[in-house]
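Keep the structure in view while reading.

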Amino acid sequence: MNYNSSLSKMATDNELKDLSQSEHPVLRSSAFREMFHRKSFNHFDVLMSHLDDTAIVDTDAGEFGIWTRTVSDDILAEASWETHEAKNKDHRTGSD
């Protein structure tokens, strides 16, 4: 699995929230990846609320082949913040 921008054109924020609760791990991971591309989601909150997701997904590692990892590991790999200071703020306070 790799990032597919089609969700950015098709899914609203509420639909992504619904997909993040899907029984299918690939749909959950796809929803999380799109959430991390949108400023409308608090990345820290999304990350923290799904760290216990141990379902397995295969991810595209480019020239390294395919990586098998848990949905939570995929979330950790994809989460981002606009600045290092914003990441540290979320880490210390648990919020924006």
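Hairpin, patch and salt bridges

This is a predicted model. In it, strands S1 and S2 form a hairpin with five residues between them, and Gly 62 in the turn has a positive phi of about 65°.

Q: How many bridges join S1 to strand S2, and which way do the strands run?
A: S1 covers residues 56–60 and S2 covers residues 66–70. The strands are joined by five bridges and run antiparallel.

Q: Which residues of strand S1 are on its covered face?
A: In a regular strand the side chains alternate between the two faces of the sheet. In S1, Ile 56, Asp 58 and Asp 60 make up the uncovered face. The covered face is made of Val 57 and Thr 59.

Q: Is Leu 51 buried, partly exposed or exposed?
A: Leu 51 lies in the loop between helix H4 (43–49) and S1. With Met 48 and Leu 76 it forms a nonpolar patch on the surface, and together they have about 260 Å² of accessible area. Buried means under 20% relative accessible area and exposed means over 50%. The relative accessibility of Leu 51 is 34%, so Leu 51 counts as partly exposed.

Q: Which residues are linked with Asp 13 in a network of salt bridges?
A: The structure holds five salt bridges. Asp 13 is partly exposed at 25% relative accessibility, whereas Arg 38 is buried at 13%. The network links Asp 13 with Glu 34 and Arg 38.

Q: Where do Asp 53 and Arg 28 lie?
A: These two residues form a salt bridge, with the closest N and O atoms 2.7 Å apart. Both Asp 53 and Arg 28 are buried. Asp 53 lies in the loop between H4 and S1, and Arg 28 lies in helix H3.

Q: What is the relative accessible area of Asp 74?
A: Asp 74 forms a salt bridge with Arg 69, the closest N and O atoms being 3.6 Å apart. Arg 69 counts as buried at 16% relative accessibility. Asp 74 is also buried, and its relative accessible area is 2%.

Methods. Residues numbered from 1 in each chain as written. Predicted model: local features only at pLDDT ≥ 70, side-chain atom pairs only at ≥ 80, totals over all residues. Heavy atoms only, no water. Buried < 20%, exposed > 50% of the residue type's maximum accessible area, 1.4 Å probe, protein only. Helix = DSSP H or I, 4+ residues; strand = E, 2+ residues; numbered from the N terminus. Pairing = 2+ DSSP bridges. Patch = residues over 30% accessible without salt bridge, like charges linked within 9 Å, V, L, I, M, F, W, Y side chains within 5 Å. Areas by Shrake-Rupley, 256 points an atom, 1.4 Å probe, with all protein chains shown as cover. Salt bridge = Lys/Arg side-chain N within 4 Å of Asp/Glu carboxyl O.
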